[in-house]
Amino acid sequence: MAERPIRVLVAKPGLDGHDRGAKVVARALRDAGMEVIYTGIRQTPEMIAEAALQEDVDVIGLSILSGAHRELFPRIVEQLKQRQLDDVVLVCGGIIPDDDIPLIKQMGFAGVFGPGTSTQEIAAFIRDQVAKKRGARAS
Amino acid sequence: MNADWVEQVRAGNPRAVARAISAIERGGEEARRVIIALFRFTGGAHIIGVTGAPGTGKSTLVNEIAKQYRRRGQRVGIVAVDPTSPFSGGALLGDRLRMQDLSGDAGVFIRSMATRGSLGGLAAATADAVKVLDAAGFEIVLVETVGAGQNEVDIARNAHTTLVVEAPGMGDDIQAIKAGIMEIADVLIVNKADHDEVSATVAALEMNLNLKPKTENEWRPPVLKTIATTGEGVAQVVEWIGKHRAYMEAHHLLHARERARARAELEKVVQNELMARLLRGVNGTKFDTLVEQIVAREMNVYAAAAMLLEEGR
């Protein structure tokens, strides 16, 4: 089976409208050779899961600055489960207190990237995670 | 893919449809299997191409057109193509951003596609992705091309009805009479009709259409004004798509288009197969060696091709 470019959905759940960070990351992942599906702000958990399903993505990257991650992230994970998208790599960034990181990882997020993370670091992390998933599926 | 994936695709199961399209994008043997299994279930969809320059409002218009068809109870599949970076191989697929109204509607399936190096306004896999949606029972399949320049006209071969979207202030009457994209329109749309200069744009397009010598029973594309952000004029677009479809059927042109498309597709597959077969028969480094010789002006491209063809026999 030929390798395909890594497909990433970049979305902002919830109601905060600051999408500069998400756009910077989307652009950086594009430059890292990935196909980025950018859906922008005010996404509901259902919209995110549905887009991930139709676009058959390897990765979902969520940007959130509003502080609603504790409420929204579990609902997104639940919507993904309902659609049997358990093997999609989940990463997030934005304003997330350090204390919440263990909780978010417990929900199934592979990576949490706070302010100051370099975009190369995010791209490298994603590449590594997807390689592991694809390797596991092939064997 | 699961054993019963064909049934699942035909039932419109979104996961099965999504995976089948991914298989097609990956290409090779798997892609071939998908089309071989699904091909006999295709032919039911009305394929509508939407093309035009970047920023004319194609995605927003597709969103509104899809809503119109949904109101009429028809299921809508959408393939939206954006360019792949020639430098990184990555892509930013942003068409979905304009189609949020359609989210949550099980009668709509949207797939974003990167061109992955293919020219002409579509991805190499677009035509086959459309077949998957066709087999999945979507009565309407909308194909949005990359922001097209003057020569990205592949969509005309792949669609039953082609919409060319313009916006006011994009060029004068000379632009309107140039060959290429303007010629493939079955329906011409001047979007952003709330902007200035809209009447000048409409006039330029109408003039161009009027310059064409009339032949009997020929389809004359209408020039329609829309404001996609509010949905104004879009009902009329859908009406004209229906008229075009009826016209094609009445004049047996649908069959002619299908024939032209089948011919082009067959040619392309044979070309690719021959190329693959040839390269299999040729020593692996031979191709690269010849390329180097051409660059060094030691060999011309025709002589190199002749050598390859001889060796690959």
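Reply: Of the 313 residues of chain B, 47% count as buried. The model is a predicted one, and chain B averages a pLDDT of 91, with 99% of its residues scoring at least 70. For the complex, the predictor gives an ipTM of 0.92 and a pTM of 0.91.

Chain B contains 12 helices and 8 strands. Its C-alpha trace spans about 60 × 50 × 40 Å along the principal axes. The radius of gyration of chain B is 21 Å, which agrees with the value near 20 Å that a compact globule of 313 residues would have. Of the contacts in chain B between residues at least 6 apart in sequence, 74% join residues at least 24 apart. The accessible surface of this chain comes to about 15600 Å², and carbon and sulfur atoms account for 53% of it.

The sheet itself may now be considered. It is an open sheet of 6 strands, paired in parallel, in the order E5(A)-E4(A)-E3(A)-E1(A)-E2(A)-E3(B). Its edges are formed by strand E5 (109–113) of chain A and strand E3 (91–93) of chain B, each of which pairs on one side only. From one strand to the next, the twist averages 20 degrees.

The two chains meet in this sheet where strand E2 (residues 35–43) of chain A pairs with E3(B) in the parallel sense, over 3 bridges. Within this pairing, Ile37(A) stands opposite Leu93(B) of E3(B).

Helices of chain A pack on the sheet as well. Helix H2 (residues 45–55) of chain A touches strand E1 (7–13), E2 and strand E3 (59–64) of that chain, and its direction makes about 170 degrees with that of E1(A). Helix H3 (residues 69–82) of chain A also packs on the sheet, touching E1, E3, strand E4 (89–94) and E5 of chain A. The direction of helix H3 of chain A makes about 160 degrees with that of E3(A).

Finally, one residue of chain B illustrates what burial involves. Thr162(B) is found in strand E6 (residues 161–166) of chain B. Thr162(B) counts as buried because its relative accessibility is 0%, and the cut-off for buried is under 20%. Leaving aside residues up to four places away in sequence, Thr162(B) touches Gly49(B), Thr51(B), Ile155(B), Ala156(B), Ile184(B), Ala185(B), Asp186(B) and Val187(B).

How values were computed
Residues numbered from 1 in each chain as written. Chains lettered and ligands numbered in written order. Predicted model: local features only at pLDDT ≥ 70, side-chain atom pairs only at ≥ 80, totals over all residues. Heavy atoms only, no water. Pairing = 2+ DSSP bridges. Helix = DSSP H or I, 4+ residues; strand = E, 2+ residues; numbered from the N terminus. Axes fitted to C-alpha atoms, helices over the stretch in contact; angles between N-to-C directions. Contact = heavy atoms within 4.5 Å. Buried < 20%, exposed > 50% of the residue type's maximum accessible area, 1.4 Å probe, protein only. pLDDT = per-residue confidence, 0-100. Rg over C-alpha atoms; globule rule 2.2 N^0.38 Å. Areas by Shrake-Rupley, 256 points an atom, 1.4 Å probe, with all protein chains shown as cover.
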